[in-house]
Amino acid sequence: MSQDISTRLIHHAYVPPAGYQAVPPGVFKGSTVLFPNAATVRERAKAFGHRDGYSYGLYGTPTTYTLEQRLCTLEGGRHCLLCPSGQAAIALVNLGLLSSGDEVLLPTNVYGPSLRHARATLSQMGITHQCYDPLDVSDLQARLSVRTKLVWVEAPGSITMEFPDLRSLVASAKSAGAVVALDNTWGAGIAFAPFEMGVDISVHALTKYPSGGADVLMGSIITNDDKLHEKLRTAYLDLGMGVGANDVELVLRGLASIKARYDLHDATARELAAWLAEQHGIRRVLHPALESCPGHEHWASHCGAAAGLFSVLVDESHSPAQLDAFCDGLRLFGIGLSWGGPMSLVMPYDMGSIRSGKQSYAGHLLRFSIGLESAEDLREDLARALSGAFAA
Ligand SMILES: *Cc1c(COP(=O)(O)O)cnc(C)c1O
């Protein structure tokens, strides 16, 4: 289908209850699902947890199936599992696919809690990990072995925003027989089509752009591969993963406007990132659409858009106290984790503790998440806080 993704999400196929054709899909709740008779129980028991019917609230409702279908439309996949957070989705992929003796590879700029999970829970289970340089395909190739069962890719990486040569990383990992999982939270199904990059699994923190409201935590795991989905679904059922109907309702509501919001976050972020690059005290801006960002050429060859995220490196000559004064001096930027909501946010990161790769990032790092406020208001706020904190 050639229609725009907004059109397809808003006019998505949905069968309403007879005689009630409202625009939003219904919100259905229930732990128990009553069977019409005992024979149906016996028939259904063979397929508990299968998505061709209903057997128990945890195994799916009309509301969760609707969100799963729309997320498959967004990302171009066939199967979807909804998890209680993005991090839960990442952990489920690892726990569902890896066993003792296996190895998983992560990029050095991987989402922080994902690395923590590998270091703690996975290593306790006898599953080893290595980190590869996402900007050096040969570094990934050198680390692949018969024990490598899973390779994570992220585009761009968290916080430092390096954009990898995604197609080449995926091709290398797959030629070594590994399954490739993408953390697609930044791309959100809009910046690029994840399955056209060759990945096997796309994980998405719905907490961010699909929700758009900064009011829900949820994650998804999408695949095109029936066998892989079956394996993940088994772990999903075993671990008792599920999501609540009220949260699903919020994500369904947000999803209709995801493209419009993403484009606005993108436009405002690019404008502010380019402006910040010219300001006194800002050493470097890390936004994949700017040439100053490592891997910019890969962003340009893979993507048609960018999210509302970027980081800046502030000159080391400024003291940590000046950096804090800058953050505290901002009136329109909240100081807080996460992104994808209406309010702009800023977060200081200690580079020494988060990066070990070859890239050098001297200076203090601030990560900005641009919300839906006017670009002009945000620029004025930044200008005022910059001159207050960094005045020569
Ligand atoms: C936020 C985020 C996650 C985790 O999502 P939660 O719902 O907060 O657990 C995973 N990956 C990336 C890249 C994220 O930004």
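In which sense do strand S9 (residues 309–314) and S12 pair, and over how many bridges? The two strands pair in the antiparallel sense, over six bridges. The legends below cover this pairing and other close-ups of the model, which is predicted.

**View 1. Strand S12 and its two partners.**
Strand S12 spans residues 364–369. On the S9 side, the pairing is antiparallel and counts six bridges. Phe 310 stands opposite Phe 368 in S12. Strand S11 (residues 345–349) also runs antiparallel to S12, and five bridges join the two. There, Tyr 349 stands opposite Leu 365 in S12.

**View 2. The two faces of S12.**
S12 is mostly covered, with six of its six residues buried. One side carries His 364, Leu 366 and Phe 368, all buried.

**View 3. The five-stranded sheet.**
S12 belongs to an open sheet of five strands. The order is S8-S9-S12-S11-S10, with mixed pairing. Strand S8 (282–286) and strand S10 (334–335) stand at the edges. Each has a single partner strand, so one side of each is left without a neighbour in the sheet.

Ser 338 lies in the loop between S10 and S11. Phi of Ser 338 is near 75°, a positive value in a residue other than glycine. Ser 338 is partly exposed, with a relative accessible area of 28%.

**View 4. The loop between S4 and H7.**
Pro 156 lies in the loop between S4 and helix H7 (166–175). A cis peptide bond joins Ala 155 to Pro 156, with omega of about -5°. Met 161 has its place in the loop between S4 and H7 too. Phi of Met 161 is near 65°, which is positive although the residue is not glycine. Is Met 161 buried or exposed? Met 161 is buried, at a relative accessible area of 2%.

The structure holds two cavities of 30 Å³ or more.

**View 5. The nonpolar cores.**
In soluble globular proteins, nonpolar side chains tend to be buried together. Here, the largest nonpolar core has 88 residues. Val 93, Trp 186, Phe 192, Ile 201 and Ile 221 have the most contacts inside this core. Helix H4 (residues 86–97) gives the most to the core, with six residues. At least three residues come from each of domain 1 (38–254) and domain 2 (258–389). A second, separate core has 25 residues. Among them are Val 312, Leu 378, Ala 385 and Leu 386.

Technical notes. Residues numbered from 1 in each chain as written. Predicted model: local features only at pLDDT ≥ 70, side-chain atom pairs only at ≥ 80, totals over all residues. Heavy atoms only, no water. Core = buried A, V, L, I, M, F, W, Y, C linked by side-chain atoms within 4.5 Å. Buried < 20%, exposed > 50% of the residue type's maximum accessible area, 1.4 Å probe, protein only. Helix = DSSP H or I, 4+ residues; strand = E, 2+ residues; numbered from the N terminus. Domains from an automatic or database assignment. 1 Å grid on protein atoms, 1.4 Å probe; cavity = no way out; pocket = protein on both sides within 12 Å on 5 of 7 lines; lining within 4 Å. Points joined across faces, edges and corners; volume = space filled by probe spheres on them. Pairing = 2+ DSSP bridges.
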